[in-house]
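Biologist: I am new to this structure and would like to learn how to read it feature by feature. Could we begin with the way helices pass one another?

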Amino acid sequence: MMPFSVFTPPDSSRIKQIFTEITPRYDLLNALLSLNLDCSWRQWAVGVTLEGGEKSILDIGTGTGKFLKAFLAKGHFEKITAMDLCESMLEKARRALPDKNIAWLKADISSGIPVEDDSFDLVTAAFTLRSIKEDLPFFFSETARVLSRGGKAAFLELTRPRSLWFRALYFGYLRFYLPLVGALISGSGRAYSFLADSILHFDEPGEIRILLEKSGFEGVKSHSYTGGIVTLITARKA
Ligand SMILES: C[S@@+](CC[C@H](N)C(=O)[O-])C[C@H]1O[C@@H](n2cnc3c(N)ncnc32)[C@H](O)[C@@H]1O
(Lines give C-alpha, C1' and ligand atoms only; values in the text may rest on other atoms or scores of the structure.)
Protein backbone atom coordinates (compact mmCIF):
# COMPACT_ATOMS: atom_id res chain seq x y z
CA MET A 1 0.00 0.00 0.00
CA MET A 2 1.55 3.29 -1.01
CA PRO A 3 1.55 6.00 1.65
CA PHE A 4 0.00 9.24 0.31
CA SER A 5 2.04 11.59 2.46
CA VAL A 6 5.39 11.92 4.15
CA PHE A 7 5.17 10.63 7.71
CA THR A 8 7.39 12.07 10.41
CA PRO A 9 7.19 9.80 13.46
CA PRO A 10 6.56 11.74 16.68
CA ASP A 11 9.36 11.87 19.25
CA SER A 12 9.09 10.14 22.64
CA SER A 13 7.64 13.14 24.45
CA ARG A 14 4.84 13.42 21.88
CA ILE A 15 4.26 9.63 22.02
CA LYS A 16 4.03 9.87 25.79
CA GLN A 17 1.47 12.68 25.47
CA ILE A 18 -0.60 10.64 22.96
CA PHE A 19 -0.69 7.51 25.14
CA THR A 20 -1.39 9.51 28.29
CA GLU A 21 -4.39 11.15 26.54
CA ILE A 22 -5.88 7.85 25.40
CA THR A 23 -5.13 5.72 28.50
CA PRO A 24 -8.67 5.89 30.00
CA ARG A 25 -10.33 4.58 26.82
CA TYR A 26 -7.44 2.52 25.41
CA ASP A 27 -8.87 -0.96 26.12
CA LEU A 28 -12.38 -0.04 24.99
CA LEU A 29 -11.07 1.45 21.75
CA ASN A 30 -8.87 -1.55 21.05
CA ALA A 31 -11.90 -3.81 21.38
CA LEU A 32 -14.08 -1.56 19.19
CA LEU A 33 -11.48 -0.93 16.51
CA SER A 34 -10.41 -4.57 16.24
CA LEU A 35 -13.96 -5.96 16.50
CA ASN A 36 -12.78 -7.60 19.72
CA LEU A 37 -10.06 -9.54 17.92
CA ASP A 38 -7.18 -7.94 19.87
CA CYS A 39 -7.49 -10.38 22.80
CA SER A 40 -7.46 -13.36 20.40
CA TRP A 41 -4.37 -12.00 18.63
CA ARG A 42 -2.52 -11.76 21.94
CA GLN A 43 -3.60 -15.27 22.94
CA TRP A 44 -2.54 -16.76 19.60
CA ALA A 45 0.80 -15.02 19.96
CA VAL A 46 1.30 -16.45 23.45
CA GLY A 47 0.45 -19.96 22.20
CA VAL A 48 3.03 -19.71 19.40
CA THR A 49 5.74 -18.10 21.55
CA LEU A 50 5.80 -20.09 24.79
CA GLU A 51 7.81 -23.29 24.81
CA GLY A 52 7.41 -24.14 28.48
CA GLY A 53 10.81 -23.57 30.08
CA GLU A 54 10.79 -19.75 30.30
CA LYS A 55 11.49 -18.46 33.81
CA SER A 56 11.71 -14.73 33.21
CA ILE A 57 9.80 -12.25 31.05
CA LEU A 58 10.25 -8.57 30.20
CA ASP A 59 7.25 -6.92 28.49
CA ILE A 60 8.08 -3.64 26.75
CA GLY A 61 5.43 -1.01 25.99
CA THR A 62 3.26 -2.94 28.39
CA GLY A 63 0.41 -0.40 28.19
CA THR A 64 -2.54 -1.61 30.25
CA GLY A 65 -0.82 -4.98 30.69
CA LYS A 66 -2.93 -7.08 28.33
CA PHE A 67 -0.08 -8.88 26.55
CA LEU A 68 1.76 -9.56 29.78
CA LYS A 69 -1.44 -10.84 31.39
CA ALA A 70 -1.92 -13.32 28.53
CA PHE A 71 1.64 -14.65 29.06
CA LEU A 72 1.18 -14.88 32.84
CA ALA A 73 -2.00 -16.92 32.33
CA LYS A 74 -0.06 -19.61 30.45
CA GLY A 75 3.54 -19.49 31.72
CA HIS A 76 5.22 -19.93 35.11
CA PHE A 77 7.65 -17.07 35.54
CA GLU A 78 9.89 -16.40 38.53
CA LYS A 79 10.94 -12.95 37.34
CA ILE A 80 8.49 -10.55 35.67
CA THR A 81 9.22 -6.99 34.55
CA ALA A 82 6.93 -4.57 32.72
CA MET A 83 8.23 -1.38 31.06
CA ASP A 84 6.48 1.65 29.61
CA LEU A 85 7.28 5.33 29.25
CA CYS A 86 3.78 6.37 30.24
CA GLU A 87 2.91 6.51 33.96
CA SER A 88 -0.86 6.42 33.39
CA MET A 89 -0.55 3.19 31.38
CA LEU A 90 1.65 1.59 34.05
CA GLU A 91 -0.83 2.61 36.74
CA LYS A 92 -3.65 0.93 34.83
CA ALA A 93 -1.56 -2.22 34.28
CA ARG A 94 -0.70 -2.33 38.00
CA ARG A 95 -4.41 -2.29 38.82
CA ALA A 96 -5.12 -5.03 36.24
CA LEU A 97 -2.39 -7.31 37.65
CA PRO A 98 -2.56 -6.67 41.40
CA ASP A 99 -1.51 -10.06 42.76
CA LYS A 100 1.52 -10.63 40.60
CA ASN A 101 5.07 -10.03 41.71
CA ILE A 102 5.96 -7.62 38.91
CA ALA A 103 8.77 -5.06 38.73
CA TRP A 104 7.34 -1.94 37.06
CA LEU A 105 9.81 0.15 35.07
CA LYS A 106 8.96 3.63 33.84
CA ALA A 107 11.51 4.15 31.09
CA ASP A 108 11.86 5.29 27.49
CA ILE A 109 13.26 2.65 25.17
CA SER A 110 14.95 5.31 23.05
CA SER A 111 17.40 5.72 25.97
CA GLY A 112 17.89 1.94 26.28
CA ILE A 113 16.43 -0.86 28.40
CA PRO A 114 17.58 -0.24 31.98
CA VAL A 115 18.22 -3.88 32.94
CA GLU A 116 21.36 -6.01 33.09
CA ASP A 117 22.83 -8.02 30.21
CA ASP A 118 21.60 -11.62 29.70
CA SER A 119 18.88 -11.25 32.33
CA PHE A 120 15.64 -12.48 30.64
CA ASP A 121 14.55 -15.68 28.81
CA LEU A 122 11.75 -13.88 27.01
CA VAL A 123 11.28 -10.27 25.84
CA THR A 124 7.86 -9.34 24.47
CA ALA A 125 6.25 -6.24 22.96
CA ALA A 126 2.77 -5.93 21.46
CA PHE A 127 1.74 -3.01 19.27
CA THR A 128 4.78 -1.03 20.43
CA LEU A 129 7.31 -1.26 17.58
CA ARG A 130 5.45 1.32 15.46
CA SER A 131 5.91 3.92 18.20
CA ILE A 132 9.67 3.44 18.16
CA LYS A 133 10.10 3.01 14.41
CA GLU A 134 13.07 5.39 14.23
CA ASP A 135 14.84 3.56 17.07
CA LEU A 136 14.26 -0.03 15.89
CA PRO A 137 17.93 -0.99 15.25
CA PHE A 138 18.88 0.32 18.71
CA PHE A 139 15.82 -1.32 20.30
CA PHE A 140 16.65 -4.72 18.76
CA SER A 141 20.27 -4.50 19.87
CA GLU A 142 19.11 -3.63 23.39
CA THR A 143 16.67 -6.55 23.30
CA ALA A 144 19.50 -8.90 22.29
CA ARG A 145 21.70 -7.50 25.06
CA VAL A 146 19.15 -8.15 27.85
CA LEU A 147 18.15 -11.63 26.60
CA SER A 148 20.02 -14.65 27.89
CA ARG A 149 21.79 -16.78 25.26
CA GLY A 150 19.12 -18.72 23.32
CA GLY A 151 16.42 -16.44 24.79
CA LYS A 152 13.46 -15.45 22.67
CA ALA A 153 11.93 -12.17 21.54
CA ALA A 154 8.28 -11.97 20.45
CA PHE A 155 6.87 -8.89 18.75
CA LEU A 156 3.19 -8.61 17.85
CA GLU A 157 2.40 -5.73 15.52
CA LEU A 158 -0.29 -4.25 13.30
CA THR A 159 0.75 -4.70 9.68
CA ARG A 160 -0.83 -4.37 6.24
CA PRO A 161 -2.95 -7.05 4.56
CA ARG A 162 -1.45 -9.08 1.73
CA SER A 163 -4.33 -9.31 -0.74
CA LEU A 164 -5.02 -6.25 -2.92
CA TRP A 165 -8.77 -6.07 -2.30
CA PHE A 166 -8.28 -6.38 1.47
CA ARG A 167 -5.58 -3.68 1.30
CA ALA A 168 -8.00 -1.30 -0.42
CA LEU A 169 -10.69 -1.98 2.20
CA TYR A 170 -8.20 -1.67 5.05
CA PHE A 171 -6.88 1.62 3.68
CA GLY A 172 -10.43 3.04 3.90
CA TYR A 173 -10.72 1.71 7.45
CA LEU A 174 -7.41 3.33 8.47
CA ARG A 175 -8.03 6.67 6.79
CA PHE A 176 -11.68 7.21 7.74
CA TYR A 177 -13.21 4.77 10.24
CA LEU A 178 -10.31 4.51 12.69
CA PRO A 179 -9.59 8.27 13.15
CA LEU A 180 -13.33 9.01 13.36
CA VAL A 181 -14.19 6.35 15.96
CA GLY A 182 -10.90 7.03 17.78
CA ALA A 183 -11.65 10.75 18.01
CA LEU A 184 -15.28 10.26 19.05
CA ILE A 185 -14.52 7.81 21.86
CA SER A 186 -11.14 8.98 23.12
CA GLY A 187 -11.56 12.69 22.35
CA SER A 188 -8.14 12.63 20.68
CA GLY A 189 -8.32 12.73 16.88
CA ARG A 190 -4.56 13.34 16.65
CA ALA A 191 -3.80 10.14 18.55
CA TYR A 192 -5.78 8.00 16.15
CA SER A 193 -4.43 9.74 13.05
CA PHE A 194 -1.00 8.81 14.39
CA LEU A 195 -2.15 5.21 14.78
CA ALA A 196 -3.32 5.05 11.15
CA ASP A 197 -0.17 6.75 9.82
CA SER A 198 2.12 4.53 11.84
CA ILE A 199 0.48 1.39 10.38
CA LEU A 200 0.63 2.72 6.80
CA HIS A 201 4.31 3.59 7.11
CA PHE A 202 5.58 0.67 9.19
CA ASP A 203 8.27 -1.71 7.91
CA GLU A 204 7.26 -4.95 6.19
CA PRO A 205 7.92 -8.16 8.21
CA GLY A 206 10.81 -8.97 5.79
CA GLU A 207 12.51 -5.66 6.69
CA ILE A 208 12.08 -6.39 10.41
CA ARG A 209 13.70 -9.80 9.85
CA ILE A 210 16.78 -8.15 8.32
CA LEU A 211 17.07 -5.69 11.23
CA LEU A 212 16.76 -8.53 13.75
CA GLU A 213 19.41 -10.62 12.02
CA LYS A 214 21.76 -7.62 11.98
CA SER A 215 21.16 -7.20 15.73
CA GLY A 216 22.26 -10.72 16.70
CA PHE A 217 19.08 -12.79 16.29
CA GLU A 218 18.56 -16.03 14.38
CA GLY A 219 15.60 -18.29 13.56
CA VAL A 220 13.36 -15.31 12.78
CA LYS A 221 9.78 -16.45 12.10
CA SER A 222 6.64 -14.52 11.08
CA HIS A 223 3.07 -15.62 11.70
CA SER A 224 0.32 -13.47 10.27
CA TYR A 225 -3.28 -13.33 11.46
CA THR A 226 -6.55 -11.99 10.06
CA GLY A 227 -5.35 -11.66 6.47
CA GLY A 228 -2.07 -10.03 7.50
CA ILE A 229 -3.36 -7.07 9.54
CA VAL A 230 -1.45 -8.47 12.51
CA THR A 231 1.93 -10.20 12.48
CA LEU A 232 3.84 -11.98 15.22
CA ILE A 233 7.60 -12.04 14.74
CA THR A 234 9.68 -14.32 16.95
CA ALA A 235 13.46 -14.63 17.01
CA ARG A 236 16.13 -16.24 19.13
CA LYS A 237 19.29 -14.60 20.47
CA ALA A 238 22.20 -16.27 18.65
C1 LIG B 1 -0.25 0.58 21.50
S2 LIG B 1 0.29 0.47 23.16
C3 LIG B 1 0.44 -1.29 23.41
C4 LIG B 1 0.11 -1.72 24.80
C5 LIG B 1 0.09 -3.22 25.07
N6 LIG B 1 1.37 -3.83 24.76
C7 LIG B 1 -1.04 -3.95 24.39
O8 LIG B 1 -0.86 -5.11 24.00
O9 LIG B 1 -2.14 -3.40 24.29
C10 LIG B 1 1.99 0.95 23.03
C11 LIG B 1 2.63 1.21 24.38
O12 LIG B 1 4.03 1.44 24.17
C13 LIG B 1 4.45 2.51 24.99
N14 LIG B 1 5.61 3.16 24.37
C15 LIG B 1 5.62 3.86 23.22
N16 LIG B 1 6.85 4.36 22.99
C17 LIG B 1 7.64 3.94 24.01
C18 LIG B 1 9.00 4.15 24.34
N19 LIG B 1 9.80 4.91 23.57
N20 LIG B 1 9.49 3.59 25.48
C21 LIG B 1 8.68 2.84 26.28
N22 LIG B 1 7.37 2.62 26.02
C23 LIG B 1 6.85 3.16 24.90
C24 LIG B 1 3.23 3.43 25.06
O25 LIG B 1 3.23 4.28 26.20
C26 LIG B 1 2.07 2.43 25.08
O27 LIG B 1 1.68 2.11 26.39
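Modeller: Let us start with helix 1, which passes helix 8 in a left-handed crossing. Please keep in mind throughout that this is a predicted model.

Biologist: How is such a pair of helices described, and at what angle do the axes of helix 1 and helix 8 cross?

Modeller: In general, two packed helices are described by the angle between their axes and the distance between the axes. Here the axes of helix 1, residues 12-22, and helix 8 cross at roughly 115° and come within 9 Å. On the side of helix 1 the contact is made by Arg14, Ile15, Ile18, Phe19, Glu21 and Ile22, and on the side of helix 8 by Arg190, Ala191, Tyr192 and Phe194. Sorted by class, the contact of helix 1 with helix 8 has 7 nonpolar and 3 charged residues, and no polar ones.

Biologist: And how do helix 7 and helix 8 run relative to one another, roughly parallel or roughly antiparallel?

Modeller: The axes of helix 7 and helix 8 cross at roughly 155° and come within 7 Å. An angle over 145 degrees counts as roughly antiparallel, so helix 7 is roughly antiparallel to helix 8. The crossing of helix 7 and helix 8 is right-handed. Among the residues that meet are Tyr170, Phe171 and Leu174 in helix 7, and Tyr192, Leu195 and Ala196 in helix 8. By class, the contact of helix 7 with helix 8 has 11 nonpolar, 4 polar and 2 charged residues.

Biologist: Let us turn to burial. Is Ser198 buried or exposed?

Modeller: A residue counts as buried under 20% relative accessible area. Ser198, which is found in helix 8, has a relative accessible area of 1% and is therefore buried. The C-alpha atom of Ser198 is separated by 29 Å from that of Ile80, a residue 118 places away along the chain.

Biologist: Next, the charged side chains. How many salt bridges does the structure hold, and which parts does the pair Asp27 and Lys66 tie together?

Modeller: The structure holds 16 salt bridges. One of them joins the side chains of Asp27 and Lys66, at 3.8 Å from N to O. Asp27 lies in helix 2, residues 26-33, and Lys66 in helix 4, residues 66-74, so the pair ties together parts that are 39 residues apart in sequence. Lys66 is partly exposed, with a relative accessible area of 30%.

Biologist: Where do Glu51 and Lys152 lie?

Modeller: Glu51 forms a salt bridge with Lys152, and the closest N and O atoms are 2.8 Å apart. This pair links distant parts of the chain, 101 residues apart, with Glu51 in the loop between helix 3 (38-49) and strand 1 (56-60) and Lys152 in strand 5, residues 147-158. Glu51 counts as exposed at 52% relative accessibility, whereas Lys152 counts as buried at 11%.

Biologist: What about Arg167 and Glu204, whose side chains meet in a salt bridge?

Modeller: In that salt bridge the N to O distance is 3.9 Å. Arg167 belongs to helix 7, residues 164-186, while Glu204 sits in the loop between helix 8 (189-200) and helix 9 (205-214), so that distant parts of the chain, 37 residues apart, are linked. Arg167 counts as buried at 16% relative accessibility, and Glu204 is partly exposed, at 32%. Salt bridges can also be read as a group, and here Glu87, Glu91, Arg94 and Arg95 are linked in a network of them.

Biologist: Finally, the backbone. Is phi of Asn36 positive or negative?

Modeller: Most residues other than glycine have a negative phi. Asn36, however, has a positive value, near 65°, and its place is in the loop between helix 2 and helix 3. Thr226 also has a positive phi, near 50°, and is found in the loop between strand 6 (217-225) and strand 7 (230-237). Thr226 is partly exposed, with a relative accessible area of 30%.

How values were computed: Residues numbered from 1 in each chain as written. Predicted model: local features only at pLDDT ≥ 70, side-chain atom pairs only at ≥ 80, totals over all residues. Heavy atoms only, no water. Salt bridge = Lys/Arg side-chain N within 4 Å of Asp/Glu carboxyl O. Helix = DSSP H or I, 4+ residues; strand = E, 2+ residues; numbered from the N terminus. Buried < 20%, exposed > 50% of the residue type's maximum accessible area, 1.4 Å probe, protein only. Axes fitted to C-alpha atoms, helices over the stretch in contact; angles between N-to-C directions. Parallel < 35°, antiparallel > 145°, perpendicular 65-115°, else oblique. Left-handed = near helix turned anticlockwise from the far one by under 90°. Contact = heavy atoms within 4.5 Å. Nonpolar A, V, L, I, M, F, W, Y, C, P; charged D, E, K, R; others polar.
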